[in-house]
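Dear colleague,

I am handing over the structure below, and after it I set out what was found. Please read the notes with the model open beside them.

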Amino acid sequence: MKKAVVVLSGGLDSATCVGIAKKEGWDIYPITFLYGQRHQHEVEKARLIAQHYGISDHKIVDVQFLGDIGGSSLTNHSIDVPTSGLTDDIPNTYVPGRNLIFLSLATAYAEVIGAEAIFTGVNALDYSGYPDCRPEFIQSMNETILLATKTGVTDNKLSIQTPIIHKTKAEIVEMGMKLGVPYHLTTSCYQGMEKACGECDSCLLRIEGFKKNQASDPIEYQIPIDWRGSL
Ligand SMILES: [Zn+2]
């Protein structure tokens, strides 16, 4: 079986990527990053998702220095997470350098274990406008990892896979439900509380994704959500 590293945050998108990689027959090696995120309980969720799939080799990497660098409401708790909906501006939940660092470390891990693919749940459609989720960045990173690695020089076999990059949140949820992705074990809220806030960008996108499928989200929210109501 060919090996794939899957960047697993514990959120809905990355959990769906595990489901997709599994369906495609990859031997999955999840990697999860502790980066000082206020919603650090997502790491525990990532553990549960890996367990659900019977994966024992789950790499959890400490990159708390990203939190020390700061510049994001996700890592600097004195900056409030916005709850006023998506705008055209890049919101303060953007974490400078996050996917550059994550994909670099995932590349290192892939090279060490001999993986041929790195799955990441970046999405450039129903998203917050983060520059490091765009296809241009992934294409550039794909070129970079082949230039930077022994694998790239010898057999050119490592590539970043982004199966949901052009999908809407509703399409992702639809696909995940068909694949039996354990969404009850995932978390998406930026606020880092036990129950999802239902108001941050990430919650709003997630709620809309389930509603468009005439489904209700199996996780708990702090505020009542009318799953049959208008979008
Ligand atoms: Zn939220």
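**N99 and its surroundings**

Leaving aside neighbours within four places in sequence, N99 is in contact (heavy atoms within 4.5 Å) with V122, D132, C133 and F137. Before going further, please note that this is a predicted model, in which local features need pLDDT of at least 70 and side-chain atom pairs count only at pLDDT 80 or more, while totals for chains, interfaces and linings use all residues. Residues are numbered from 1 along each chain as its sequence is written, and side-chain values use heavy atoms, with hydrogens and water left out.

N99 lies in helix α4, where helices (H or I, at least four residues) and strands (E, at least two) are DSSP runs numbered from the N terminus. At 11% relative accessibility N99 counts as buried; for these classes, buried means under 20% relative accessible area, exposed over 50% and partly exposed in between, with a 1.4 Å probe and protein chains only.

**The zinc site**

The zinc ion has as its protein donors the SG atoms of C189, C197, C200 and C203, which lie 2.3 Å from it. Donors here are N, O and S atoms within 2.8 Å of the metal (3.2 Å for Na, K and Ca), and since water is not among the atoms, sites may look incomplete. Along the chain, the zinc donors follow the spacing C-x7-C-x2-C-x2-C. The arrangement is tetrahedral because the 4 donor atoms subtend angles of 102 to 117 degrees around the zinc ion; four donors count as tetrahedral if all angles lie between 85 and 135 degrees, four count as square planar and six as octahedral if opposite donors are over 155 degrees apart and all others between 65 and 115, and anything else is irregular.

In the loop between α7 and α8 one finds G192, which counts as partly exposed at 27% relative accessibility. The C-alpha atoms of G192 and H41 are separated by 6.9 Å, although the two residues are 151 residues apart along the chain. Apart from neighbours within four places in sequence, G192 is in contact with R38, H39 and H41.

**Aromatic pairs and the core**

Rings of Phe, Tyr and Trp (its six-membered ring) pair if their centres lie within 6.5 Å, with planes under 30 degrees apart counted as stacked, over 60 as edge-to-face and the rest as tilted. By this rule the count comes to 7 aromatic pairs. One of them is the edge-to-face pair of W26 and F119, at 5.9 Å centre to centre and 75 degrees between the planes. This pair links distant parts of the chain, 93 residues apart, with W26 in the loop between α1 (12-23) and β2 (27-34) and F119 in strand β4 (residues 117-119). Both W26 and F119 are buried.

Y35 and F102 form another edge-to-face pair, at 5.5 Å centre to centre and 65 degrees between the planes. Y35 lies in the loop between β2 and α2 (41-52) and F102 in helix α4 (residues 98-113), so the pair ties together parts that are 67 residues apart in sequence. Y35 is buried at 2% relative accessibility, and F102 at 8%.

One aromatic cluster is formed by Y183, F210, Y221 and W227. Not counting residues up to four places away in sequence, Y221 touches K195, A196, G198, C203, R206, I207 and W227.

The structure holds 0 disulfides, a disulfide being a pair of cysteine sulfur atoms within 2.5 Å. For C17, the closest cysteine sulfur is that of C133, at 11 Å, which is too far for a bond. C17 counts as buried, at 0% relative accessibility.
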